[in-house]
Number of protein chains: 2
Amino acid sequence: MIRISTKGKYGTRLMVQLAMNYGKGPMLLKDIAKKENLSVRYLEHLIPPLKSARLIHSLRGAHGGYTLAKAPAEITLKDIIRALEGPLSPSECVESPEVCDRSGFCITRDIWAELEKTISATLAMYTLADLVQKYLSNTYHGEARSQ
Amino acid sequence: MIRISTKGKYGTRLMVQLAMNYGKGPMLLKDIAKKENLSVRYLEHLIPPLKSARLIHSLRGAHGGYTLAKAPAEITLKDIIRALEGPLSPSECVESPEVCDRSGFCITRDIWAELEKTISATLAMYTLADLVQKYLSNTYHGEARSQ
DNA sequence: CGTTATTCCTACTAAACAAGTAGGAATATA
DNA sequence: TATATTCCTACTTGTTTAGTAGGAATAACG
């Protein structure tokens, strides 16, 4: 199984919520969790990596919350997944050739390297602005947001 | 981490070895293991999924071994990884919408579906014949095969 | 017919990772 | 000082990964 974990999946949804709130001041994790029907306690874990990747800013204390660190159009899905899931390559040998003494001549490694490129390229194609636009033009939107 | 496991990685190397032996009769797992410096005991586990995907044939008993079930040019990396790693989609909701009640309107799910397409397409581009050709034209080849 | 070489099947294990929950400290506002 | 919020660390439970191990089934060969 070659799967994105809930970190990447929930984190993307969190970031889409922040994008939709962009320019309207800090957003509470509590509210994001409610809108996305996720646990605040779990979302908390996604914050440190997103902060160290400089994708979000935080404000502590009452009237605190989170904001995007850049405009939604400046943040790609690649940035988000990379921050939350780590390297996008399907094998460690791609980014760290020294972990395998075959790296110098391994043909399968070449494939994993190419696969990383197409994964990265696909994820880099989408910005948060694109996702927000998709979200808003979704016909199910009104209904889906009801809860 | 979105990683291919050793099943997919070792299994691909196993299949490349079978491809290089194509037309020369059955090959022993013992010999594949030696050439690729892998454990026979572990490679054994990769056989059942490869067989049920009809990618290899086996012959039991003395003078037994394994052969590709089709020509190397007819087997893609997608076939192999799919057989050994399961679905290529980054999220279960892509192939089984019913696992999440958001599937009907979820915009991130659309992204995971698109990502699956590019992963599948990239892996489908390469056949075992391509890998063998790469292998044989590798300058390190003579040296690397020495052990 | 018996020996040997091989695949095949099932079970077991140890370590790492995933997906959370929980307690409480630090900080800012009012 | 009370309250709302982020922040930090630890813990838990279940699943997956990466193997190892024992031995049964099968086929060839002398």
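**Exercises on a predicted protein–DNA model**

**Exercise 1.** Which helices and strands each supply at least two residues of the surface near DNA strand C in this predicted model?

*Solution.* Take the chains in turn. From chain A, the elements that each give at least two residues are helix 1 (6-20) and helix 3 (40-44). From chain B they are helix 2 (29-36), helix 3 (40-44), helix 4 (47-52), strand 1 (56-59) and strand 2 (65-68). Next, sort the residues of this surface by class: 9 are nonpolar, 10 polar and 7 charged. Last, pick out the residues that come nearest to DNA strand C: of the 26 around it, these are Arg41(A), His45(A), Lys30(B), Lys51(B) and Ser58(B).

**Exercise 2.** Describe how helix 1 and helix 8 of chain A pack.

*Solution.* Two quantities are needed, since packed helices are described by the angle and the distance between their axes. The axes of helix 1 and helix 8 (residues 128-136) of chain A come within 9 Å and cross at roughly 80°. An angle of 65 to 115 degrees counts as roughly perpendicular, so helix 1 of chain A is roughly perpendicular to helix 8 of chain A. Now list the residues in contact. Helix 1 of chain A contributes Thr12(A), Met15(A), Val16(A), Ala19(A) and Met20(A), while helix 8 of chain A contributes Leu128(A), Leu131(A), Val132(A) and Tyr135(A). By class, this contact has 8 nonpolar residues, 1 polar residue and no charged ones.

**Exercise 3.** How much area is buried between chain A and chain B, and how many residues does each chain bring to the contact?

*Solution.* Count residues, then area. Chain A gives 40 residues and chain B gives 41. The buried area is about 4,100 Å², with carbon and sulfur atoms giving 65% of that figure. For the part that chain A buries against chain B, Ile2(A), Arg3(A) and Ile107(A) supply 19%, more than any other three residues.

**Exercise 4.** State the secondary structure and overall dimensions of chain A.

*Solution.* Chain A has 9 helices and 2 strands. Along the sequence they follow the pattern α-α-α-α-β-β-α-α-α-α-α. Along the principal axes, the C-alpha atoms of chain A fill a box of roughly 55 × 35 × 25 Å.

Key
Residues are numbered from 1 along each chain as its sequence is written. Chains are lettered from A and ligands numbered from 1 in the order in which they are written. This is a predicted model: local features need pLDDT of at least 70, side-chain atom pairs count only at pLDDT 80 or more; totals for chains, interfaces and linings use all residues. Side-chain values use heavy atoms; hydrogens and water are left out. A residue is near a molecule or strand if one of its heavy atoms lies within 4 Å of it. Helices (H or I, at least four residues) and strands (E, at least two) are DSSP runs, numbered from the N terminus. Ala, Val, Leu, Ile, Met, Phe, Trp, Tyr, Cys and Pro count as nonpolar, Asp, Glu, Lys and Arg as charged, and the others, Gly among them, as polar. Axes are lines fitted to C-alpha atoms, for helices over the stretch in contact, and angles run from 0 to 180 degrees between N-to-C directions. Angles under 35 degrees count as roughly parallel, over 145 as roughly antiparallel, 65 to 115 as roughly perpendicular and the rest as oblique. Contact means heavy atoms within 4.5 Å. Buried area is the accessible area (1.4 Å probe) that two parts lose on being put together, summed over both.
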